[in-house]
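Have the model open while you read.

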Amino acid sequence: MTNHVETQDASVAGEATRGFTEILALYHGFGRGAQRIEVIENCEFKLKPGKLTVMIGPSGCGKSTLAKLLAGYLHPDEGSLLIDGRHIAGPGKDRLMVFQESALFPWMVNEENALYGLLASGQVGAGARQRVTALMDRVGLGRFRHKYPGALSGGMQRRLEMVRALVNEPALFILDEPFRGLDAMTRTLMQEHFAQMFEEGRRTALFITTDIDEALLLADEILVMSSRPMKVTRRITVDVPRPRTVAGMIKDERMKHIKVAVTKALYSEAIKAFDGSSRAVAAAGFEKFLDTTQ
Amino acid sequence: MTPHANTHPGAIGRWRTLPSAGRRAAVSLIVMLLAWELIAHSPRLFGFEVPYLGVLPAPSAVIGEWVMLLGDAHYWGSWYLSFTRVFAGFISALLLGVPLGLWFAISPTMRNLFFPVFEMLRPVPPIAWVPAAIIFWPTQELSIISVIFLGAFYTITLNTYNGGRRVDLAIIQSARSMGASRSNIFRRIVLPGTLPSIVAGAAIGMGITWEVVVAAELISGGNGGGGGGLGLFMWDAYLAGNHEQILVGMLSIGLAGYFSSGLLRRFGGLLTPWLSRN
Ligand SMILES: Nc1ncnc2c1ncn2[C@@H]1O[C@H](COP(=O)(O)OP(=O)(O)O)[C@@H](O)[C@H]1O
Ligand SMILES: [Mg+2]
């Protein structure tokens, strides 16, 4: 194993030793000939065990593609993905993905949904059932154990998906814009829930978002991605203790600096989508925006 | 535009749940029967015959005939015969159509090999199969049932196939990433995911079987074959010039179809509890 250093600096809980993820010289594209688009080009990064890494980048840059490569639904054109030193060759129980769309099973009651992974692999015991019950109570779904997902609100469905993912105890948690499409209030609540659940379990996690505040609220580390073809343009460590709040972030000097750094890095990528005179207009607008944050 | 023009789809459902819905249905039924009764007696009442409709037997006469038939073994025998045929044809369509549809849905090889043949035979109406079925099958009963079978088979297969293909890929991927085996995914994800489409296909198929059974019975019994059933019951009434009995036959088939569909909906609802509200 080559990850001694990595595991040491993340020695928060026992779980923290799993999920060390390496992405090496990764290339991926879609289509052939004139239709060909390169989506990921020479992308390299590592996910530290027990850390919550937030990946942020302009939409359409290739974040979901990377998530699918990590989940094993896609195979890379070139390069390698390793988790705890093993190559990712296909979908596996060591990684679990929570999508931006709900992927609950409508025909199973909520408790069954949470237990499905364990049931399917014949690992369900009384302990697992108790854990599901406890987790569902924790996230306010206790009364809905024997109801179908269709009876849940959007926010509740996401919470159930979190429970389901946690119960499966993946080494790596992949969350692809899991709170997109929720209303602002629910979204804030979900972020708090998630941060809390993460603090308790300390599982290696990759959280994908396009929202700067969400990134700042959750991240131990932020990866700012370039526009397509995607690679990491900046890596920023956020060593501010959780729980964090939006109000607290406005006052905290470190947070303010980090926000400006992330915003600048993101901006220089986003502006590539504009051309000619519209770029100048966009640049002027951005300067004004930076003034208000400082 | 009238204010009714923008009535949204939920309106019908809401109308059904109105407490007065039953009363309205009763009122409409009574008004219709009264109008029909008046029209049937128009020559005596108004001194002229209402065009076309005037030749109808009066509802009172039809109901009288019907009440009389309730004690008639032949009438109930017709019901029984049609029901057993529909049941046999429908069940065999279900037993063959569902697996075939699922197979089409999950296996590209199967789809490439047999779907073109399936699609070519599908537009041939079941009734057009009657002559061939009579030649092909050794007994008249089998010919009738095979035609009924075809009526439901295509619809059930096609609905199952479409439903199977529409099962959300994200859901299947998420099951896969939790380490579920292929057979587990088929049983616990693909099959229940397709079930609503199977139920819908079965309901449509059931409607078609009742359309087909009567025609098949009419045609096969027409040349003195005498296969029985509600279709032949009507044909005999026509030959005998008994207009009341023709109408009794029509209404009986309507009722039979209504009961079968109702039963199927009940059963389908039990199989897909997650689709009902709450
Ligand atoms: N299966 C696919 N076939 C062709 N192009 C794709 C496919 N999936 C994604 N893309 C393209 O790759 C780019 C990145 O997509 P995606 O990874 O979904 O971006 P993001 O999640 O960052 O918004 C987009 O331009 C998208 O159109
Ligand atoms: Mg995406």
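By class, the shell around ligand 1 has 4 nonpolar, 5 polar and 2 charged residues (Ala, Val, Leu, Ile, Met, Phe, Trp, Tyr, Cys and Pro count as nonpolar, Asp, Glu, Lys and Arg as charged, the others, Gly among them, as polar). This is a predicted model, where local features need pLDDT of at least 70, side-chain atom pairs need 80 or more, and totals for chains, interfaces and linings use all residues. Residues are numbered from 1 along each chain as written, chains are lettered from A and ligands numbered from 1 in written order, and side-chain values use heavy atoms, without hydrogens or water.

**Ligand shell**
- Among the residues around ligand 1 are Phe30(A), Ile37(A), Val39(A), Cys61(A) and Thr65(A), where a shell residue has a heavy atom within 4 Å.
- H2(A) gives the most, with 3 residues; this helix (63-71) and strand S2 (37-47) of chain A each supply at least two (DSSP runs: helices H or I, at least four residues; strands E, at least two; numbered from the N terminus).

- A side-chain N or O atom of Ser64(A) sits 2.7 Å from a ligand oxygen.
- For Arg228(A), a side-chain N or O atom is 2.8 Å from an oxygen of ligand 1.
- The protein buries 60% of the 560 Å² that ligand 1 exposes taken alone (Shrake-Rupley, 1.4 Å probe).

**Cysteines**
- There are 0 disulfides over all chains (cysteine sulfur pairs within 2.5 Å).
- Cys43(A) is buried at 0% relative accessibility (buried means under 20% relative accessible area, with a 1.4 Å probe and protein chains only), and Cys61(A) is buried at 1%.

Technical notes. A polar contact is a pair of N or O atoms within 3.5 Å; within protein, one must be able to donate a hydrogen and the other to accept it, and residues adjacent in sequence count only if both atoms are side-chain atoms. Buried means under 20% relative accessible area, exposed over 50%, partly exposed in between (1.4 Å probe, protein chains only).
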